[in-house]
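Please keep the sequence and the 3D view at hand while reading.

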Amino acid sequence: MHHIFEIVLTCWRLLQEAAPYVLFGFVAAGLLRGFLLDNFIARHIGRNSFGSVLKASLLGIPLPLCSCGVIPAAVELRKQGASKGGSAAFLVSTPESGVDSIAITYALLDPVMTLLRPVAAFLTATSVGLAINRLPDETNETAVVNDPGCGCPDVELSRPQGFFGRLGGGLSYAFGELLKDIGGWLLFGIVIAGLLSYLLPENFFAIFSGNEFLSLLVMLVVGIPIYICASASTPVAAALILKGLSPGAALVFLLAGPATNAATIAIVGRFWGRKATVVYLAAIAFCSLLFGWATNRLYAFAGWDILGSIQLVDEHQPSLLSALSAVVLLLLILRHYIPHRLRSARFRKNKADT
């Protein structure tokens, strides 16, 4: 029981540190959702050009969509005339970053990583888009892609009209569909981070101290096949850094994990083609390793200590605001799951009685 209590306490402390920033991120996400003009993205990435890829990469950075939720949006953009490179760049930059994940990165890591993460996501997405733009079209698929079984909501590009309509619609989306989409994954990430923090010995990743590239490669192999959203990957990365993982290797995980998973790879193969799928994975892998290596060089050259920043956060006594924010966030997330579970149990009971 003692071990369980300590793990729960560690998870609760992580949630308190992150909660105010996560709530702020959801509010910002709602504002983006509500006030992004109709078809704004499609109008700016329709050409098969360098500029369209840059715009797609940049526009995807703040949008709060997970790696499955972005799929229908990217396919819809492609159907509306967006270039294959621009839509692919959007498919990469959007799940790798977002206002919610940027906020939680600042809360759990440090300001340097908070800046490096979206910059690396932008450059990775741009590289993917430019490379795919050079490939010939392989497919004319135009079917609508719905949520491929990962729990993410379908994405509609239309918005409510009027200021208050957009505001209400955006906040309703942020604390409704979006929170239901990534809230469970966020809690899952915090639980995994708590388990890693408590169970792994200090300096666990010292085994990679003599082989930096191996640590980068391991995190790439771990990140590519799994489904984990940008927000959920952040507490996991923080826990791994506390156990001795380099900031560069953590960045590899933060880039590769959200941008790649089985569903995304399958959809890229269907709507962008097999060659595009190979380029998509190769470019993400190469950029992740490159930026991970560069991040380690930057921290070493500047003498920055990300471990010290995380330890200060870990040792800091959460404020009353943090505790209240954690309670509010937890209740908002649970309200999407508890009623559903109760209805399911009631349905099973009624069916058994009949």
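## Basis of the report

The model is predicted. Residue numbers start from 1 along each chain, as its sequence is written.

Helix α1 covers residues 2-35. With 34 residues, α1 reaches 49 Å from its first C-alpha to its last, which is close to the 50 Å expected at 1.5 Å a residue.

Where in α1 does a kink lie? The bend is at Ala19, shortly before the proline Pro20, and amounts to about 45°.

Five residues are named in a nonpolar surface patch of about 490 Å²: Val27, Leu31, Phe35, Phe163 and Phe164. Two elements, α1 and α8 (163-199), each give two or more residues to this patch. The largest share, three residues, comes from α1.

Phe164 is a patch member and has its place in helix α8. Is Phe164 buried or exposed? Its relative accessible area is 68%, so Phe164 counts as exposed, the cut-off being over 50%.

Leu167 is also in helix α8. At 25% relative accessibility, Leu167 is partly exposed.

## Helix α6, largely enclosed

Helix α6 consists of residues 99-108. Why is α6 described as largely enclosed by the rest of the structure? Eight of its ten residues are buried, so the description follows from that count. The buried residues of α6 are Val99, Asp100, Ser101, Ala103, Ile104, Thr105, Ala107 and Leu108.

How many salt bridges does the structure hold? There is one. Arg297 forms a salt bridge with Glu212, and the closest N and O atoms of the pair are 3.1 Å apart. Arg297 belongs to helix α13 (residues 274-302) and Glu212 to helix α9 (residues 212-223), so the pair ties together parts that are 85 residues apart in sequence. Both partners are partly exposed: Arg297 has a relative accessible area of 34%, and Glu212 has one of 26%.

Helix α13 has 29 residues. From its first C-alpha to its last, α13 reaches 42 Å, close to the 42 Å expected at 1.5 Å a residue. Gly303 follows α13, and the phi of Gly303 is positive, near 75°.

## Cysteines

How many disulfides does a search of the whole structure find? The search finds zero.

Cys11 has a relative accessible area of 12%, so Cys11 is buried, the cut-off being under 20%. Cys287 is buried as well, with a relative accessible area of 5%.

Trp185 lies in helix α8. Trp185 is partly exposed, with a relative accessible area of 25%. In sequence, Trp185 and Cys229 are 44 residues apart, and in space they are 7.0 Å apart, C-alpha to C-alpha.

Trp272 has its place in the loop between α12 (262-271) and α13. Is Trp272 buried or exposed? Trp272 is buried, with a relative accessible area of 5%. Trp272 and Ile132 are 140 residues apart in sequence, and their C-alpha atoms are 8.6 Å apart in space.

Methods
This is a predicted model: local features need pLDDT of at least 70, side-chain atom pairs count only at pLDDT 80 or more; totals for chains, interfaces and linings use all residues. Side-chain values use heavy atoms; hydrogens and water are left out. Patches are made of residues with over 30% relative accessible area and no salt bridge: like charges are joined within 9 Å, nonpolar side chains (Val, Leu, Ile, Met, Phe, Trp, Tyr) within 5 Å. Accessible areas come from the Shrake-Rupley method with a 1.4 Å probe; for residues, only the protein chains shown count as cover. A salt bridge is a side-chain nitrogen of Lys or Arg within 4 Å of a carboxyl oxygen of Asp or Glu. Helices (H or I, at least four residues) and strands (E, at least two) are DSSP runs, numbered from the N terminus. Buried means under 20% relative accessible area, exposed over 50%, partly exposed in between (1.4 Å probe, protein chains only). A disulfide is a pair of cysteine sulfur atoms within 2.5 Å. The expected span of a helix is 1.5 Å times one less than its number of residues. The bend at a residue is the angle between axes fitted to the seven residues ending there and the seven starting there.
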